[in-house]
Amino acid sequence: GDVSAADTARGTGLAAWWNAIRRDRKASAGAVLLGVFVLVAVCGPWLVGDPRALVGIPLQPPSAAHWLGTTGQGQDVLAQLVVGTRISLAIGFVVGLAVVLLGALVGVTAGYFGGRVDALLSLLFNVFLVIPGLPLAIVIAAYLPSGPTTLAVVLIVTGWAWNARVLRAQALSQRQRDFVAAAVVAGESDFRIITREILPTMTSLLVAQVIGSTTYAIGAQVGLEFLGLGDVSAVTWGTNLYWAQNDSALLTGAWWTFAPTGLCVALVGFGLTMLNSGFDEITNPRLQLERAWRGFLAARGRRATRSTPVVSDRG
């Protein structure tokens, strides 16, 4: 019979996830890389100077005085890169979490209740799915006051629908399970069944969605700010690229004004992708079976090699 989702969730706590990450090379590499950027975001701004201060000659190449050179306004590139890490990662993680929470609220509610509730909510997120996300985000951001909060709201509004659709499909299948029927017979409220019985069965999917949504949010935020739709006076990765483009960095060969920021965006995306891939290998039953089968075949091959007799041709 079915095992209660609450019982299953007890075996997949933070300690179990951490041990699983440590055992998987991809997840470990992604976690370490992401941890480095989080450490820079938390502690880095205390170690560098004012990113807006005019510290040298404009467009000065990397040197001992300024490790990553200066911008077109004579500001230190390293200081702007480090300080920008905090805001960019904060927006990425907040948007990634909020998008999944909103998608879970709408999608699981639609899948669990069905009927008219499902039809109405499905119509809602299908409308958002039909409209292209990036053009919609550009239009909304252009008419709202610029700033990190505005970008976060824009990305949440335009990015939740896909998660809702996926989670609705999962809720439709889970509501037919025996443990949900037992909870209904026991008289549990709909809210408790959704939050304590159905959602815990989707833990691996929710984690993957948070990671994927965070990757999307960081890239979209940098792209919108690069287009000048953010607060250009703020110090973020996106505004760093905006000012580099505004100063014609490609034409003048001032690669140090945009290459470090672009590399950081790529590394964060790579780290999140590796972490997501590692989580998939940890939580996907099919991949777990394949890994166990490969391990069994490898162990069997080693035992066969050790047991093969050595034939001597002496004499």
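Me: How are the axes and angles of packed helices defined in this predicted model?

Reply: The model is a predicted one. Axes are lines fitted to C-alpha atoms, for helices over the stretch in contact. Angles between the N-to-C directions run from 0 to 180 degrees.

Me: At what angle do helix 4 and helix 10 pack?

Reply: Helix 4 covers residues 77-113 and helix 10 covers residues 190-198. Their axes lie 11 Å apart. The packing angle between helix 4 and helix 10 is about 115°.

Me: Why are helix 4 and helix 10 described as roughly perpendicular?

Reply: Angles of 65 to 115 degrees count as roughly perpendicular. Helix 4 and helix 10 pack at about 115°. The two helices are therefore roughly perpendicular to each other.

Me: Is the crossing of helix 4 and helix 10 left-handed or right-handed?

Reply: The handedness describes how helix 4 passes helix 10. This crossing is right-handed.

Me: Which residues of helix 10 meet helix 4, and how many residues of the contact are charged?

Reply: Helix 4 contributes Val108, Tyr112 and Phe113. From helix 10 come Asp190, Ile193, Ile194 and Ile198. The residues of this contact divide into six nonpolar, no polar and, as for charged residues, one.

Me: Which residues does alanine 110 contact, apart from neighbours within four places in sequence?

Reply: Alanine 110 belongs to helix 4. Its relative accessibility is 0%, so alanine 110 counts as buried. With neighbours within four places in sequence left aside, its contacts are Asp118, Leu121 and Arg168.

Me: What separates the C-alpha atoms of alanine 110 and serine 122?

Reply: Along the chain, alanine 110 and serine 122 are 12 residues apart.

Me: How are helix 8 and helix 11 oriented, parallel or antiparallel?

Reply: Helix 8 (residues 161-174) and helix 11 (residues 203-226) have axes 12 Å apart and pack at about 170°. Angles over 145 degrees count as roughly antiparallel. Helix 8 and helix 11 are therefore roughly antiparallel.

Me: How many residues of the contact between helix 8 and helix 11 are polar?

Reply: Helix 8 brings Asn163, Val166, Leu167 and Gln170 to the contact, while helix 11 brings Leu205, Leu206, Gln209 and Ser213. Of these residues, four are nonpolar and no residue is charged. The number of polar residues is four.

Me: What kind of aromatic pair do phenylalanine 37 and tryptophan 237 form?

Reply: A search of the whole structure finds five aromatic pairs. In the pair of phenylalanine 37 and tryptophan 237, the ring centres are 6.2 Å apart and the planes stand at 80°. Planes over 60 degrees apart count as edge-to-face. The pair is therefore edge-to-face.

Me: How many residues apart are phenylalanine 37 and tryptophan 237?

Reply: The pair links distant parts of the chain. Phenylalanine 37 is in helix 3 (residues 25-43), and tryptophan 237 is in helix 12 (residues 237-246). The separation between them is 200 residues.

Me: What kind of pair do tyrosine 242 and tryptophan 243 form?

Reply: The ring centres of tyrosine 242 and tryptophan 243 are 5.2 Å apart. Their planes stand at 75°, so the pair is edge-to-face.

Me: What phi does leucine 59 have?

Reply: Most residues other than glycine have a negative phi. Leucine 59, in the loop between helix 3 and helix 4, is not a glycine and yet has a positive phi. Its value is about 55°.

Me: Where is serine 248?

Reply: Serine 248 is not a glycine, although its phi is positive, about 55°. At 32% relative accessibility, serine 248 counts as partly exposed. Its place is in the loop between helix 12 and helix 13.

Me: How many helices does the chain have?

Reply: The chain has 315 residues, of which 37% count as buried. Its secondary structure has zero strands, and the number of helices is 15.

How values were computed
Residues are numbered from 1 along each chain as its sequence is written. This is a predicted model: local features need pLDDT of at least 70, side-chain atom pairs count only at pLDDT 80 or more; totals for chains, interfaces and linings use all residues. Side-chain values use heavy atoms; hydrogens and water are left out. Helices (H or I, at least four residues) and strands (E, at least two) are DSSP runs, numbered from the N terminus. Angles under 35 degrees count as roughly parallel, over 145 as roughly antiparallel, 65 to 115 as roughly perpendicular and the rest as oblique. A crossing is left-handed if the near helix is turned anticlockwise from the far one by less than a right angle, and right-handed if clockwise. Contact means heavy atoms within 4.5 Å. Ala, Val, Leu, Ile, Met, Phe, Trp, Tyr, Cys and Pro count as nonpolar, Asp, Glu, Lys and Arg as charged, and the others, Gly among them, as polar. Rings of Phe, Tyr and Trp (its six-membered ring) pair if their centres lie within 6.5 Å; planes under 30 degrees apart count as stacked, over 60 as edge-to-face and the rest as tilted. Buried means under 20% relative accessible area, exposed over 50%, partly exposed in between (1.4 Å probe, protein chains only).
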